[in-house]
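This note concerns the ring contacts of the structure shown below.

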Amino acid sequence: RQSNLPVAAVAAQSNGFHSTVPLGNAAAKASTLQKPKRPVNAYIRYAQSIRADLAKANPSASQMDLAKLTSAKWQTLDQPSKARLEEEYKRELAVWLQQNAKYLSQLTDAQKEELKQDRQQKADDKAKRDLKRTLKQLGRPKRPTNGFLRFCAQYKPKLGVTQGEHKDHMKALGEKWRSMSASEKERFNREAEEAITRYQEEMKQWEDKMLATDNGDLVRRKNALLNPAPTPSGGKARSAKKEQPGATGGRPAAGGARA
């Protein structure tokens, strides 16, 4: 009997997915399978078990404070309790490994590639968050806002507005900004330009500090030209880092990177 389902859905049935949902891509196909959830390790199990009590006992504590308290309690937890949690984790992990192997065996190559890309995207996002946190801890100057956002700061929406209301509020401010004359915008734009000038000087000082403390990898490449390494005997000088675009002979081009 001829099926009225889309080809992708029919293929899903023939592969044992038993889905009647039209499938448009590998991610949609993979979502029709029940992916087993990896068990959490011993420490996370312990943290989850005491989190509610910790939060109740420390109502004003931040998430970071609660994490520190949890870590301190884990350090003092008796060894038998840790061993019990570790055994629970290992037992559930063994079951998960079998379930996950079965799950992966039912995926097509396209579905596996889709999941691989998803994992890579999550890893990239985590790397960005980690870098942002590191830069904040090292005191990297924050780029100032432009003239328009300085103008908007005068008209902050009330607390508790919905996302839609906030969007309408910003749209109205955008229309008001566009209707303003150059002289009306001048104060906001001037303040923004002055802030940018201060920011650039602060960034220069911060980047010099990073280079001096062996944190050169955190410096913007376009704004830093690392000193060349000493010339080897009988050879040509080689830069410690790859030269920046526009730089020749170990010297920045006019208006380019600074030493």
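1. A search of the whole structure, which is a predicted model, finds seven aromatic pairs. Rings of Phe, Tyr and Trp (its six-membered ring) pair if their centres lie within 6.5 Å; planes under 30 degrees apart count as stacked, over 60 as edge-to-face and the rest as tilted.

2. One of these pairs joins Tyr-43 and Trp-74 edge-to-face, at 5.4 Å centre to centre and 85° between the planes. Tyr-43 belongs to helix 3 (residues 42-57) and Trp-74 to helix 4 (residues 63-76), so the pair ties together parts that are 31 residues apart in sequence. Helices are DSSP runs (H or I, at least four residues), numbered from the N terminus.

3. Tyr-43 is partly exposed, with a relative accessible area of 29%, whereas Trp-74 is buried at 15%. Buried means under 20% relative accessible area, exposed over 50%, and partly exposed in between (1.4 Å probe, protein chains only).

4. Phe-151 and Phe-188 also form an edge-to-face pair, 5.6 Å centre to centre with 80° between the planes. This pair links distant parts of the chain, 37 residues apart: Phe-151 is in helix 7 (residues 147-152) and Phe-188 in helix 9 (residues 182-212). Both Phe-151 and Phe-188 are buried.

5. Ring pairs link Phe-148, Phe-151, Tyr-155, Trp-177 and Phe-188 into a cluster.

6. On the basis of the values: residues are numbered from 1 along each chain as its sequence is written, and side-chain values use heavy atoms, with hydrogens and water left out. In this predicted model, local features need pLDDT of at least 70 and side-chain atom pairs count only at pLDDT 80 or more, while totals for chains, interfaces and linings use all residues.

Notes:
Helices (H or I, at least four residues) and strands (E, at least two) are DSSP runs, numbered from the N terminus.
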